[in-house]
Amino acid sequence: MREFTEKTEAVSPVIGVILMVAITVILASVIAVFVFGLAGNLEASMHKDVIFKTGVDNTGKLITIQAFAGKDLGKISYITATNGSSYWLPKGITKNTDAGWLHVGWINTTTIPRNDKTVVFTATFSDGTEQVVAQT
């Protein structure tokens, strides 16, 4: 007489093979992205640690910017500000300025008048990356 036995497999062999192939393809794709450089320079594209505050001068007519905090302040080469038409660099600063001139507490009054337009302050770092650091 023959005895019956119950099979207790959780996944059929076909589905198991399909899952293993899918995992292998995904893993190979992720490795290929980093090996062949498709991810770009992840270090350079990282967000820099800087905090700025904006305000107005004593007359209430011009916008000011102040370096408030951040470990990457010393890596800033220069800061520009735009409001659609105006372009501003801090007094005494050129686009060729070396990093290291900026420190916590630095404050500068722009030549951009306070009005309804948004002013965007963009920092350019010594590694060539740019980051918006403040806006009004």
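Reader: In S2, which residue is the bridge partner of threonine 54?

Author: Isoleucine 65 is the bridge partner of threonine 54 in S2. The structure is a predicted model. Another residue with a partner in S2 is glycine 55, whose bridge partner there is threonine 64.

Reader: What makes S2 and S5 a pair?

Author: The criterion is again at least two bridges. S2 and S5 have 4 bridges, in the antiparallel sense, and they therefore count as paired.

Reader: Why are S1 and S5 called edge strands?

Author: The open sheet has 3 strands in the order S1-S2-S5, with antiparallel pairing. S1 and S5 (107-113) each pair on one side only, and they are the edge strands. Neighbouring strands of this sheet are turned against each other by 30° on average, direction ignored.

Reader: What lies between S1 and S2, and which residue there takes a positive phi?

Author: The hairpin has 5 residues between the strands, and glycine 60 takes a positive phi near 80°. Threonine 59 also lies in the loop between S1 (51-56) and S2 (62-69).

Reader: Is threonine 59 buried or exposed, and why?

Author: Threonine 59 has a relative accessible area of 53%. Exposed means over 50%, so threonine 59 is classed as exposed.

Reader: What makes the approach of the threonine 59 side chain to the side chain of aspartate 57 a polar contact?

Author: The pair must lie within 3.5 Å, with one atom able to donate a hydrogen and the other to accept it. The contact with the side chain of aspartate 57 is at 2.9 Å, which is therefore inside the cut-off. The side chain of threonine 59 also reaches the backbone nitrogen of lysine 61 at 3.2 Å.

Reader: Why does threonine 129 count as buried?

Author: Buried means under 20%. Threonine 129 has 17% relative accessibility, so it counts as buried. Threonine 129 is found in the loop between S6 and S7. Its C-alpha atom is separated by 9.5 Å from that of isoleucine 76, although the two residues are 53 residues apart along the chain.

Reader: Which residues have the most contacts inside the largest nonpolar core?

Author: They are Phe52, Ile76, Ile79, Leu102 and Phe121, in a core of 18 residues. S2, S3 (76-82), S6 (120-125) and S7 (130-135) each supply at least two residues of this core. Phenylalanine 52 touches, among others, Ile65, Leu73, Ile76, Ile79, Leu102, Trp106 and Val133.

Reader: Which elements have the lowest and the highest mean pLDDT?

Author: Strand S4 (residues 87-88) has the lowest, 66, and helix H1 (residues 13-35) the highest, 88. The protein averages a pLDDT of 75, and 71% of the residues score at least 70.

Definitions and conventions. Residues numbered from 1 in each chain as written. Heavy atoms only, no water. Buried < 20%, exposed > 50% of the residue type's maximum accessible area, 1.4 Å probe, protein only. Core = buried A, V, L, I, M, F, W, Y, C linked by side-chain atoms within 4.5 Å. Contact = heavy atoms within 4.5 Å. pLDDT = per-residue confidence, 0-100. Axes fitted to C-alpha atoms, helices over the stretch in contact; angles between N-to-C directions. Lists of a residue's contacts leave out its neighbours within four places in sequence.
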